[in-house]
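The stops below are given in the order in which they may be selected.

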Amino acid sequence: MTETIQILGLVGSLRRSSIHKVLLEAAQQVAPQAMHITIFPLHDIPLYNNDVEVTEGFPPAVQVLRDAAAQADGIILATPEYNGSVPGVLKNSIDWASRKGLLAKKPVVTMGGSPGALGATKAQEHLRQICLHLGMYLLPKPTIAVPKLPEKIVDGQLTDELTRKFLQEQMEQFYHWVMRLRP
Ligand SMILES: Cc1cc2nc3c(=O)[nH]c(=O)nc-3n(C[C@H](O)[C@H](O)[C@H](O)COP(=O)(O)O)c2cc1C
């Protein structure tokens with residue numbers, strides 16, 4: 001019997017019509033049946049403040065995120081590129097989640113796209129460096145960097161068949177990656 005795994009999906013954009021939310025939702029649709037992806041909204045995560053962590057502990061929204069990350073078998077990070085790097089929203093959430101080594105040894109994969117030709121490749125490179133710094137187990141390939149992503153979305157759905165095929169391949173590989181690395 002195929003074993004089911006639970007995956008946490010984070011989107012590095014708070015925009016209502018985020019193309020990265022659509023990308024992650026498409027990943028949900030094409031992922032293997034045995035891979036459940038839950039998208040965790042980052043809207044309520046406050047800015048990291050070490051004083052708060054030391055004096056009050058983790059704020060409630062952060063604790064929920066940390067519990068979700070701890071319980072997940074793996075994490076998918078769907079990131080836009082902001083000024084050649086990772087948006088603050090995502091970096092901030094990773095900073096909170098990373099405390100006390102929580103993300104170490106957690107399987108992770110990144111994906112991204114852009115209105116332009118480069119598909120958030122610089123942001124993903126930076127994000128991958130962060131993941132490696134944290135000791136996360138980063139799926140090396142296939143990578144997903146979708147150029148002209150808004151043009152591949154119709155009525156809130158990723159309709160481009162080739163991109164969906166690439167996503168499916170990445171999700172299948174990630175499933176095997178997580179299974180291989182299971183403690
Ligand atoms: C502050 C800011 C900086 C941006 N910098 C880049 C960039 O460096 N490279 C790029 O390809 N797109 C850049 N963009 C455009 C984003 O790729 C585009 O807004 C994309 O739709 C954001 O993803 P989302 O729809 O998931 O929010 C930037 C957008 C903003 C708001």
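Predicted model: local features only at pLDDT ≥ 70, side-chain atom pairs only at ≥ 80, totals over all residues.

Select Lys105 first: this residue is exposed, with 11 other C-beta atoms within 10 Å. Although Lys105 is not a glycine, its phi is positive, at about 65 degrees. The residue sits in the loop between α4 and β4 (107-113); helices (H or I, at least four residues) and strands (E, at least two) are DSSP runs, numbered from the N terminus.

Residues are numbered from 1 along each chain as its sequence is written.

Two further backbone positions may be selected next. Asn83, in the loop between β3 and α4, has a positive phi of about 50 degrees although it is not a glycine. Asn83 is exposed, with 8 other C-beta atoms within 10 Å. Lys100, which follows α4, also has a positive phi, near 60 degrees.

Now display helix α3, residues 60-71. Its 12 residues reach 17 Å from the first C-alpha to the last, close to the 16 Å expected at 1.5 Å a residue; the expected span is 1.5 Å times one less than the number of residues. Which residues of α3 are buried? They are Val62, Leu65 and Ala69. Seen down the axis of α3, these buried residues fall within an arc of 60 degrees, so they line one face of the helix; the arc is that of the directions from the helix axis to the C-beta atoms. On the other side of α3, the exposed residues are Pro60, Gln63, Asp67, Ala70 and Gln71.

In α4, the buried residues include Val89, Leu90, Ile94 and Trp96. The buried residues of α4 pack against β1, α3, β3 and α5 (121-133).

Turn next to the largest nonpolar core, which has 50 residues; Ile7, Leu23, Ala27, Ile75, Ile76 and Leu77 touch the most other members. Helix α1 (residues 19-30) gives the most to this core, with six residues. Such a core is a set of buried Ala, Val, Leu, Ile, Met, Phe, Trp, Tyr and Cys residues joined through C-beta atoms within 7 Å. Centre the view on Leu23: among the residues it touches are Ala78, Met111 and Leu158, not counting residues up to four places away in sequence.

Select Phe166 in helix α6 (residues 161-181). Phe166 is partly exposed, with 18 other C-beta atoms within 10 Å. Its contacts, not counting residues up to four places away in sequence, are Pro142 and Ile144. The C-alpha atoms of Phe166 and Ile144 are separated by 7.2 Å, although the two residues are 22 residues apart along the chain. Pro142 lies in the loop between β5 (137-138) and β6 (144-146), and the peptide bond from Lys141 to Pro142 is cis, with omega near 5 degrees.

Key: Buried ≥ 20, exposed ≤ 12 C-beta atoms within 10 Å, placed from the backbone. Contact = placed C-beta atoms within 7 Å.
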